[in-house]
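Have a look at the picture, then read on.

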Amino acid sequence: MRSVKITNSKHNADSAIILFISGSITLCLLPFCVIRIMQGDWPVAALNVSITTLAFALFCYVYFTYRTLIARWGLSLLSMSAMLITIHLKGAEQILWLYPALTTVFYMLSAHFAAVVGMICLVAAFIIIYPDVNSLYLLTIAATAAITFVFSYAFSLKMHKKAYFFRNESETDPLTGLGNRRALDSKLAEITKKIKTKSLTSCSLLLLDIDNFKNINDTFGHKCGDQVLEAFANVLLKGIRGKDSAYRFGGEEFVIILTDTPLEGALTLAKNLLKDIETTQWDMLENKVLTSSGGVAELDGTEASYEWISRADRALYEAKNAGRNRIVADSSNLDDCAVA
Ligand SMILES: Nc1nc2c(ncn2[C@@H]2O[C@H](COP(=O)(O)OP(=O)(O)OP(=O)(O)O)[C@@H](O)[C@H]2O)c(=O)[nH]1
């Protein structure tokens, strides 16, 4: 039997960058906290200590939870408020902090959110410095801030669109348009986490394999085999519910994640899918009947995702050995659930 290995990712490039930024802020500001306290410059000392503490808290949050969304917002609001308080405390010449703060926000947030946050802070900064600077200086700051804002916005928009495109491409199987192994890995990690935290009560997995697919390639050619895989994926998509998701696991094997579905429900759905497949008219196969076999397993809440998929794989193996064109439920969840 094939060995099935699913990897669970920990820190990715995204969280590593947030850790680096929040860690750097903490380390860089720590000496200034000490210096300002020793100088008795209490307002600035309080500001430095607050920023250092918040940056360290965000570092710990990302380090232990691997989550970056709150940290992105935290670092954005931190940089903007630190910039505004610094200008307020130390005078209008500190407006130069506006530029790094603005680019930080456009790096951390999506372009539209960053534009809103950035605009509010720009207006606030101008209100603070307005009484202390002449009109020419104010105009210079306004022009340079506007250029930085527009370029940061355009760059951020382009970057996020590209990131979305590449994420989509990297998680899609090019032949069938279904999610690929990478997308499945993410989904399995998400589901196992939800089950462990009890935000999802049940979830089943169906591993489906086309029967005697090698014969199709040998008889009708590889191109026809590809057409069958494409059409097979469409039958699956039509047969599953909106909350379910389908993936190409590899070759002629497919995985369907049935959210909020205990084993009995998954068996019924899998049985219906098998009927759909059997009754579909396969023009490219000169209307010969196509069958498939499947293994179903319900996630038990304590196991890792690779154990869950391995149980479905063992059930699929049993279905193949029992003569194909059938669904077998993993016996550790339910006994004698073979359905023809
Ligand atoms: N056309 C096509 N064939 C593929 C693709 N990926 C894998 N295959 C073929 O799928 C076939 C799978 O064969 P087997 O693993 O022997 O399985 P099977 O013939 O379906 O037999 P059972 O699973 O035991 O019913 C192999 O011949 C692979 O070359 C693909 O993307 N396109």
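How far is an oxygen atom of the ligand from an N or O atom in the side chain of arginine 248? The distance is 2.8 Å. Before going further, a word on what you are looking at.

## Ground rules

This is a predicted model, in which local features need pLDDT of at least 70 and side-chain atom pairs count only at pLDDT 80 or more, while totals for chains, interfaces and linings use all residues. Residues are numbered from 1 along each chain as its sequence is written, and side-chain values use heavy atoms, with hydrogens and water left out.

## Around the ligand

Let's stay with the ligand. It has 16 residues around it, and the closest are Asn212, Phe213, Asp226, Arg248 and Arg324; a residue is near a molecule here if one of its heavy atoms lies within 4 Å of it. Arginine 324 puts a polar side-chain atom 2.8 Å from an oxygen atom of the ligand. Histidine 222 takes part through its backbone: one of its polar backbone atoms is 3.0 Å from a nitrogen atom of the ligand. These are polar contacts, meaning pairs of N or O atoms within 3.5 Å; within protein, one atom must be able to donate a hydrogen and the other to accept it, and residues adjacent in sequence count only if both atoms are side-chain atoms.

You'll find it in the loop between α11 (305-321) and β5 (327-329), where helices (H or I, at least four residues) and strands (E, at least two) are DSSP runs, numbered from the N terminus. Most residues other than glycine have a negative phi. Arginine 324 is not a glycine, yet its phi is positive, at about 70°. With 32% relative accessibility, arginine 324 counts as partly exposed; the cut-offs are under 20% relative accessible area for buried, over 50% for exposed, and partly exposed in between (1.4 Å probe, protein chains only).

Asparagine 325 sits in the loop between α11 and β5 as well. Its phi is positive too, at about 50°, although asparagine 325 is not a glycine. At 21% relative accessibility, asparagine 325 is partly exposed.

## Salt bridges

How many salt bridges does the model have? The count comes to 11, taking a salt bridge as a side-chain nitrogen of Lys or Arg within 4 Å of a carboxyl oxygen of Asp or Glu. One of them joins arginine 36 to aspartate 41 at 3.8 Å, N to O, and aspartate 41 is partly exposed because its relative accessibility is 23%. Another joins arginine 241 and aspartate 244 at 2.7 Å.

## Along helix α7

Helix α7 (residues 181-196) holds glutamate 190 and lysine 194, which are 4 residues apart, so about one helical turn separates them. Their side chains meet in a salt bridge at 3.3 Å, N to O. Glutamate 190 is partly exposed at 35% relative accessibility, and lysine 194 is partly exposed at 35%.

At least two lining residues come from each of α1 (13-39), α2 (42-65), α3 (69-90) and α4 (98-108). By type, the lining divides into 16 nonpolar, 6 polar and 2 charged residues, with Ala, Val, Leu, Ile, Met, Phe, Trp, Tyr, Cys and Pro counted as nonpolar, Asp, Glu, Lys and Arg as charged, and the others, Gly among them, as polar.
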